[in-house]
2 protein chains.
Amino acid sequence: MHKPSATGLLPHTDAALPWPADPVPATGGEVMSDAEFFDWLAGRQRKHAQQVRPIPFAELSGWDFARDTGNLQHRSGRFYSVQGLRVRSDGPVPEWTQPIICQPEIGILGLAVREINGVTHCLMQAKSEPGNLNGVQLSPTVQATKSNYSRVHGGSAVPYLDCFLRPDPRRHRVLADTLQSEQGSWFHRKRNRNMVVEVGPEVEAGEDFCWLSLRQVNSFLRVEDLLNMDTRTVLSCMPDRLHGAGTAVASGGGSRRGLHSDTEIRSWITGRRSEREVSATLLPLREVEGRGWHRWDDRISHERGLFFSIIAVDVSSSRREVPAWSQPLLQPHGIGVLALLVKRFDGVLHALVRAHAEPGHLDVVELAPTVQCTPENYAHLPAEHQPRFLDVVRESGPERTLFDTVLSEEGGRFHHARNRYLIIEVDEDFPTTTTEDYRWMTLGQLTGLLEHSHYLNVQARTLVAAMRTLPEAGDADADHR
Amino acid sequence: MHKPSATGLLPHTDAALPWPADPVPATGGEVMSDAEFFDWLAGRQRKHAQQVRPIPFAELSGWDFARDTGNLQHRSGRFYSVQGLRVRSDGPVPEWTQPIICQPEIGILGLAVREINGVTHCLMQAKSEPGNLNGVQLSPTVQATKSNYSRVHGGSAVPYLDCFLRPDPRRHRVLADTLQSEQGSWFHRKRNRNMVVEVGPEVEAGEDFCWLSLRQVNSFLRVEDLLNMDTRTVLSCMPDRLHGAGTAVASGGGSRRGLHSDTEIRSWITGRRSEREVSATLLPLREVEGRGWHRWDDRISHERGLFFSIIAVDVSSSRREVPAWSQPLLQPHGIGVLALLVKRFDGVLHALVRAHAEPGHLDVVELAPTVQCTPENYAHLPAEHQPRFLDVVRESGPERTLFDTVLSEEGGRFHHARNRYLIIEVDEDFPTTTTEDYRWMTLGQLTGLLEHSHYLNVQARTLVAAMRTLPEAGDADADHR
């Protein structure tokens, strides 16, 4: 069922690059040079190697299909479960059902930052997740569900948790703290608390942790499958002032020169939330079976092989102190394309965002990238039903491509979920006027919305983080004029 | 079951005052003097007099208890329904069930404003609602559910709707546009779109409408049962700059001098939303019966006579062109007390707000007044279980009472729902430190949050509108020092 990728986009290698295209020299006050970091990371990869093996559902340990509902759930009732969802929508598909992951607990994604040698550094963690293509990726300092950190099922203490759960005003300063959604097509109302906390010199990097300068973290966004989804979302919530000059932040910060005022933008979002009629109701997973979805011994899949499957994996490690476990995962079919079209108006970089309804979001509509799709899911449809603006992305040459990296989504719930993130600068003759679902916004306006919860979806948040790493508008301007 | 009020508060007349204590002279550019307005209002009262008569459920026309669920609903499936709700909470009551009103449609509450004679005026509507104690109250320009304005069931066009539904950038300027919640104990996830739109001179006051200056509207907040709930919530969302000098806005606006930074306030809200565990699940109304609630011929009531009842009313008018109808209403038992404690820090007025979990809110926790309760519901409990700070409200003398008015809630869904709104200035020795559920915030900070959806609950919004009408902090300071 899992078809090979056929996005029709620019040729692109799926192999992870071991190195950023333009490594940062360790002359900017970094604790660790890029070379030292990649050596260290390779060591973490070896130490935390996991064997992940797909298994039939019957071999899951601790997980069952409930007798009454057929929901796939843990015997403890904690962690997460796979249930059914019925969606009724005023969009092109008026009704459908699908499996969906339910995880009502709000976890913490916390990034500790601290000034070292006059430069902002971030405390990163090398973390292995069973769904990661490549084992270890870089996570924020803390990445913990409530079940984790309240240790309902034993387990060891979460390092650095207190900086986020109980920040001490004498030693910690909270710089960002919002609730943000995750994939609204795969999760039912999942959100996490995204926090950035400035800590003091008493906080040191333990085993599996390292201090990287914010400039390094930003440059590593361009390395495939290196910064995990949780790092990217927390990074997007970081206040502008930590980023400094020389990047798009300096020219796109502040909202005065936006094509629309902040009030107009908020009114547009309120209007879309009021007008879209999308209702999503949880169903027993059993009721989804037979309505386009089928349960096999080892997967629940759509009859046309599209969208995703629910699978089960067994996870083990060569280290004796780490016990083996098994769990269900959601396996997307195909690599998604997440693209932000950008354009300068009066020299200020604007991104074309979409007010997008996703059934799993608490308030249904959040702002998404210009293009958010998995092209395979549309391959059988005629041109007029292809995702809007996908053709612009397909036809853009490398000179217009400001960012182009394949990155992984949440390896604790998804199996090899990868998306190609792109920022494409459109021509000057690209229309300024937009239809009701799209608006041009400055980076400053996007950052302003990220001071609050639930405005930008998780895909858009990665692209905002990527947008901040673009060269200053003035420089790029010069290239294109 | 409906017991007489016994709040134990200061003596207070429930009779509506026909006049504000300090009438505004018509010398400030008002289109209509206060005297002219009250004459006009009396005429509207006579014209729109309704006869509202409680009836048994069996006499409801168009409404039924559904056979399978027992839900009380309209045969068309539109409007609203009464269903059951099961709440599980980490609060003092771990689990309960209750009836609740479900109204998934998002309506529009729109206020048109325009400068006349150099003064901001608001286009108010004299509107009769069956649940109002006194028939006609002042509503915003537009107060319409989606069923109303899409005219699914016929009915006449909603005047002025286009200013809000399809604002024309050449003639209309949107000043505020957010989604805001309504009573989270009585409504399941109801919210309305609160809009303020500046219109041009072509917009004139039709029959049942009048232009009042913002200063008059603010002063009428102190008249009992005059500004309806929808007016108050829209008023709270109005940008500060329209209010001008001489009020608390001038001294409390801007957030620089707050006891806490904006980031700290947002982090506190995020923390409370993350930590509270309150789940609310809709149930068939039938399953609520027998669990503390009983259905009689003419009401669904709690076995101890507390909280509220669901009743049915027949509504008729002496005017032949208005057909009679019937509908269910929620009848609260007792008059609620909604009090904001305020205190000056460094001369800046702060209000003590509470992060309050209400099961009907989309994200459960919103900011509420310091005290929000119906004292009757606690009368049988010992002192230690009385609502926090209710004693401070009870013991405050008139010299500390900056605002004290009984106002009505939504007369289209509630029967004689009235709350006593108070702003009490506490002593200098009142503690600055707060427990986890409370924070001191400036008016500027509260207004900043009202630029976004779902931060302040509907009761707090009325008190923010009231707070804006207080004399400038400097003046009041002089009185108290």
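Which residue of chain B forms a salt bridge with A:Glu451, and how far apart are the closest N and O atoms? The partner is B:Arg266, and the closest N and O atoms of this salt bridge lie 3.6 Å apart. Please keep in mind as you read that this is a predicted model.

## The interface between the chains

Let's start with the salt bridges. Across the interface of chain B and chain A, the rule finds 8 of them. The elements of chain B that give two or more residues to its side of the contact are β10 (173-181), β12 (191-198) and α7 (262-275). Of these, α7(B) gives the most, with 8 residues. By residue type, the side of chain B that touches chain A divides into 7 nonpolar, 8 polar and 11 charged residues.

As for the contact as a whole, chain B brings 26 residues to it and chain A brings 26 residues. About 2,400 Å² of area is buried between the two chains, and carbon and sulfur atoms give 43% of that area. There is also a count of polar contacts to go with these values: 17 residue pairs between chain B and chain A, both residues of each pair being at pLDDT 80 or more.

## Chain A as a whole

Now for chain A itself. Its fold has 11 helices and 25 strands. The chain holds 481 residues, and buried residues make up 62% of them. If you take the contacts in chain A between residues at least 6 apart in sequence, 72% join residues at least 24 apart.

UniProt, in an unreviewed entry, places the feature "domain: dTDP-4-dehydro-6-deoxy-alpha-D-glucopyranose 2,3-dehydratase" at residues 35-238 and 263-466 of chain A. Over residues 263-466, the chain is 17% helix and 39% strand. The end C-alpha atoms of that stretch are 25 Å apart.

## A look at A:Ser181

Is A:Ser181 buried or exposed? A:Ser181 is buried, because its relative accessible area is 2%, while the cut-off for buried is under 20%.

The side chain of A:Ser181 is joined to that of A:Glu366 by a polar contact of 2.7 Å. Setting aside neighbours within four places in sequence, A:Ser181 is in contact with several other residues too, including A:Lys190, A:Arg191 and A:His361. The list also includes A:His454, A:Leu456, A:Asn457, A:Val458 and A:Arg461.

Note on methods
Residues are numbered from 1 along each chain as its sequence is written. Chains are lettered from A and ligands numbered from 1 in the order in which they are written. This is a predicted model: local features need pLDDT of at least 70, side-chain atom pairs count only at pLDDT 80 or more; totals for chains, interfaces and linings use all residues. Side-chain values use heavy atoms; hydrogens and water are left out. Contact means heavy atoms within 4.5 Å. Buried area is the accessible area (1.4 Å probe) that two parts lose on being put together, summed over both. A salt bridge is a side-chain nitrogen of Lys or Arg within 4 Å of a carboxyl oxygen of Asp or Glu. A polar contact is a pair of N or O atoms within 3.5 Å; within protein, one must be able to donate a hydrogen and the other to accept it, and residues adjacent in sequence count only if both atoms are side-chain atoms. Helices (H or I, at least four residues) and strands (E, at least two) are DSSP runs, numbered from the N terminus. Ala, Val, Leu, Ile, Met, Phe, Trp, Tyr, Cys and Pro count as nonpolar, Asp, Glu, Lys and Arg as charged, and the others, Gly among them, as polar. Buried means under 20% relative accessible area, exposed over 50%, partly exposed in between (1.4 Å probe, protein chains only). UniProt positions are given in the numbering used here, feature names are shortened, and annotations may be inferred rather than shown by experiment.
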